[in-house]
Amino acid sequence: MDRFEAMSVLLAVVEAGSLSAGARRLNAPLATVSRKVADLEKHLGVRLVLRTRRGLAMTEEGRAFVAASRRILEELDVAERQASGDHGALRGGLHVTAPIAFGERHLLPIALEFLKEHPDINLRLTLVDRQLSLADEHVDVALRIGHLADSALIATRVGAVRRVICASPGYLARRGVPRQPDDLAQHDGISFQGFATAPEWRYRRDGAAFAVEPRSKLAVNTTEAAIQAALAGIGIIRLLSYQISDQLRSGALQELLTEFAPEPLPVNVIHGAADPLPLKVRCFLDWIGPRLRARMAL
């Protein structure tokens, strides 16, 4: 059994999410891919993956072996390119995740330019408004907004975003403009349900933090739905500045209570603590870091 080939097949299957998807990615017969994974498990004497109705789930031994296989194959690729004199070309897959609106507005344009510079890189960009586990989801790089919990991950700050309270001019003409956070208790609000972390209605006054919320007139589970409801004059919303920058700039939404706004939230790019980092990951981090800082400074 070619162990390097078996590692590559296993990685393709795990990253694709199923044996059949892995076979399509490898352009190989499903029976061949299934046999190679089974042969590898027989060679190791352990189960690496479990078939479920949702696809594949890795065992504890499988997670450890996949992580080691990824590192070994990365190091082998680097060694081969160095030996052949091919120092500049990057190859392989990258998995990157970010919040939806931020990723579409800021990260995607930078990532597309990176792909033009490195045509042998295959990028999987997962835009989702929840935090993915880098280890469980096989994520190489993640963009996180907010204060980070202590962990073994490496974080590099690239900027900050403000928390903004706003409403449409039509709503404010009808209901009045709140002058103090306490005034919000008499107003209608648009709230979020189904979010792992919903925007907080927090403020600063005389150095102390406190919270007041408007009455929930409408509850939604997507940012876009909240924005559309606010534009329709349903109530007041609280979002992050990048999510509604166009509406604020055009005047379709009006920012409120700016003098009571809490401190901006940090924006960080994070990755695992592998030493050394795979070359493709290090190059991607070097590419996006200064470009994200420049975009967020505008």
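Predicted model: local features only at pLDDT ≥ 70, side-chain atom pairs only at ≥ 80, totals over all residues.

Colleague: Fine. At roughly what angle do the axes of α1 and α2 cross?

Modeller: Roughly 120°. Helix α1 covers residues 3-16 and helix α2 covers residues 19-26. Their axes come within 7 Å.

Colleague: On to α2 and α3. How do their axes cross?

Modeller: At roughly 110°, and the axes come within 9 Å. Helix α3 is residues 30-44. The two helices are therefore roughly perpendicular to each other. This crossing is right-handed.

Colleague: Which residues make the contact there?

Modeller: Leu 19, Ser 20, Ala 23 and Leu 26 from α2. They meet Leu 30, Val 33, Ser 34 and Val 37 of α3.

Colleague: And by class, what does the contact of α2 with α3 have?

Modeller: Six nonpolar residues, two polar and no charged ones. Leu 19 and Leu 26 of α2 are listed in the contact with α1 and in the one with α3.

Colleague: New topic. What does the UniProt annotation say about residues 1-59?

Modeller: The UniProt record has "domain: HTH lysR-type" for residues 1-59. That comes from an unreviewed entry.

Colleague: How much of residues 1-59 is helix and how much strand?

Modeller: The span is 63% helix and 14% strand. Its end C-alpha atoms lie 22 Å apart.

Colleague: Now Phe 114. Where is its place?

Modeller: In helix α5, residues 100-117.

Colleague: Buried or exposed?

Modeller: Phe 114 is at 1% relative accessibility, so this residue counts as buried. The cut-off for buried is under 20%.

Colleague: What is Phe 114 in contact with, leaving aside neighbours within four places in sequence?

Modeller: Leu 90, Leu 94, Ile 121, Lys 280, Cys 283, Phe 284 and Trp 287.

Colleague: How far apart are the C-alpha atoms of Phe 114 and Cys 283?

Modeller: They are separated by 9.4 Å. Along the chain, Phe 114 and Cys 283 are 169 residues apart.

Definitions and conventions:
Residues numbered from 1 in each chain as written. Heavy atoms only, no water. Axes fitted to C-alpha atoms, helices over the stretch in contact; angles between N-to-C directions. Helix = DSSP H or I, 4+ residues; strand = E, 2+ residues; numbered from the N terminus. Contact = heavy atoms within 4.5 Å. Buried < 20%, exposed > 50% of the residue type's maximum accessible area, 1.4 Å probe, protein only. UniProt positions renumbered as here; feature names shortened; annotations may be inferred. Parallel < 35°, antiparallel > 145°, perpendicular 65-115°, else oblique. Left-handed = near helix turned anticlockwise from the far one by under 90°. Nonpolar A, V, L, I, M, F, W, Y, C, P; charged D, E, K, R; others polar.
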